[in-house]
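Dear colleague,

I am passing a structure on to you, and I would be glad if you could look through it with the notes that follow. Please read them with the sequence and the 3D view open beside you.

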Amino acid sequence: MFNKRKILALALVMCMLIGIFAFTSCSKKADEGEGKKTTQSNNQEAAAQEKQIVDMKVINGELWVVYSDKPDEPVNIGRVDNFYEGTPGLEFFLLPDGTYGVKGGSTYYLEEIVIPAYYNGVKVTRVLDNAFSSYINLKKVTFPETVTHIDNSAFNACVNLEVATLPLGTKSIGNSAFSNCSSLKSVLIGDQVESIGEFAFMNSISILNTNIPESVKSIGRDAFKNCGGEIYCEVSEQPDTWSEYWNSSSLTVHWGE
């Protein structure tokens, strides 16, 4: 009996010693773990504080950020993608020629829109089909000089659009591009425009006067139907390549002016 009691007592003491040792070991490891976490956190914060943005600049329509581990020794530069200088919310589409076309995207409720010259460092050259069609809040649009084509119905039924100064490098104005823009008072057609599509300005009744430069080789039917004012053409007579019904409302035309 005595031997059994002695053995039980020794076993109980051993269990207690093992428990105390295990607890001490766990506590020590936990303290070491917390110390490592604190050290790592401090190192990360220090690294973050050391790496600073030195400069930001726009290069050919791209936003570039210069940063460094040492502010007085800028060594790294990175490009920020999907950057452009223009109205936020526009949509851009890569075209076969490597340039971009633009659409209105989520800008429907805006009164003024600025189309950028570059998107991701690449030229924006077209306002695409139906890009801003029926954007009834739009009053003014600013084009960059990179835009060369205003495609079909791009601004059709923008009933509050008042100002649309086309870029000097514009080459084509598509079918119904500015039709039913009842508040549009004037459109400056540059001397590089070669074609004006069918119904291009039809029912834009507030247009006062329109100039057509000598560069225009073709005009579609009803291009100026129901427009106001008079038309001033640089050519001395109607070219054969213009539609017979380009001036279907018989507006007064001044040739050679």
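Cys233 stands opposite Trp255, which lies in strand 18, in what is a predicted model. The two strands concerned are strand 17, covering residues 230-233, and strand 18, and they run parallel and are joined by 3 bridges. They belong to an open sheet of 3 strands, with the order 15-17-18 and parallel pairing. In this sheet strand 15 (209-212) and strand 18 (253-255) are the edge strands, each of them pairing on one side only. Neighbouring strands of the sheet are turned against each other by 15 degrees on average, direction ignored.

A further open sheet has 4 strands in the order 6-9-11-13, again with parallel pairing. Its edges are taken by strand 6 (112-114) and strand 13 (186-188), each of which has a single partner strand, so that one side of each is left without a neighbour in the sheet. Here, too, neighbouring strands are turned against each other by 15 degrees on average, if direction is ignored. Strand 6 pairs in the parallel sense with strand 9 (residues 140-142) over 3 bridges, and Val114 has Thr142 in strand 9 as its bridge partner.

An antiparallel pairing is found between strand 4 (residues 91-94) and strand 5 (residues 100-103), which are linked over 4 bridges. The bridge partner of Phe92 in strand 5 is Val102. These two strands form a hairpin with 5 residues between them, and in that hairpin Gly98 takes a positive phi near 90 degrees. Strand 5 also pairs with strand 8 (residues 122-127), this time in the parallel sense and over 3 bridges, and Tyr100 has Val124 in strand 8 as its bridge partner.

The aromatic residues deserve a separate paragraph. The structure holds 14 aromatic pairs. One of them is formed by Tyr108 and Tyr109, an edge-to-face pair with 5.0 Å centre to centre and 90 degrees between the planes. Are these two residues buried or exposed? Tyr108 counts as partly exposed because its relative accessibility is 29%, whereas Tyr109, with a relative accessible area of 67%, is exposed. Another edge-to-face pair is that of Phe143 and Phe155, with 5.7 Å centre to centre and 80 degrees between the planes. This pair links distant parts of the chain, 12 residues apart, with Phe143 in the loop between strand 9 and strand 10 (149-150) and Phe155 in the loop between strand 10 and strand 11 (163-165). Both Phe143 and Phe155 are buried. Ring pairs also link a set of residues into a cluster, among them Tyr108, Tyr109, Phe143, Phe155, Trp242 and Trp255, and Trp255 is the residue already mentioned as standing opposite Cys233.

Which residues does Tyr108 contact, if its neighbours within four places in sequence are left aside? They are Ser134, Tyr135, Ile136 and Asn137, and of these Tyr135 is also part of the aromatic cluster. Tyr108 and Leu90 are 18 residues apart in sequence, and their C-alpha atoms are 9.7 Å apart in space.

For the protein as a whole, there are 1 helix and 18 strands. Of its 257 residues, 37% count as buried, and the accessible surface comes to about 15,100 Å², of which carbon and sulfur atoms account for 54%. Among the contacts with a separation of 6 or more, 32% are between residues 24 or more positions apart.

A word of caution about confidence belongs at the end. The mean pLDDT of the protein is 80, and 68% of its residues reach 70 or more. Over residues 1-30, however, pLDDT stays under 50, and for this stretch the model has 0 contacts beyond four places in sequence. Where pLDDT is low, the predicted coordinates should not be read in detail.

With kind regards

Key. Residues are numbered from 1 along each chain as its sequence is written. This is a predicted model: local features need pLDDT of at least 70, side-chain atom pairs count only at pLDDT 80 or more; totals for chains, interfaces and linings use all residues. Side-chain values use heavy atoms; hydrogens and water are left out. pLDDT is the predictor's confidence in each residue, from 0 to 100. Contact means heavy atoms within 4.5 Å. Two strands pair if DSSP finds at least two bridges between them. Axes are lines fitted to C-alpha atoms, for helices over the stretch in contact, and angles run from 0 to 180 degrees between N-to-C directions. Buried means under 20% relative accessible area, exposed over 50%, partly exposed in between (1.4 Å probe, protein chains only). Accessible areas come from the Shrake-Rupley method with a 1.4 Å probe; for residues, only the protein chains shown count as cover. Rings of Phe, Tyr and Trp (its six-membered ring) pair if their centres lie within 6.5 Å; planes under 30 degrees apart count as stacked, over 60 as edge-to-face and the rest as tilted.
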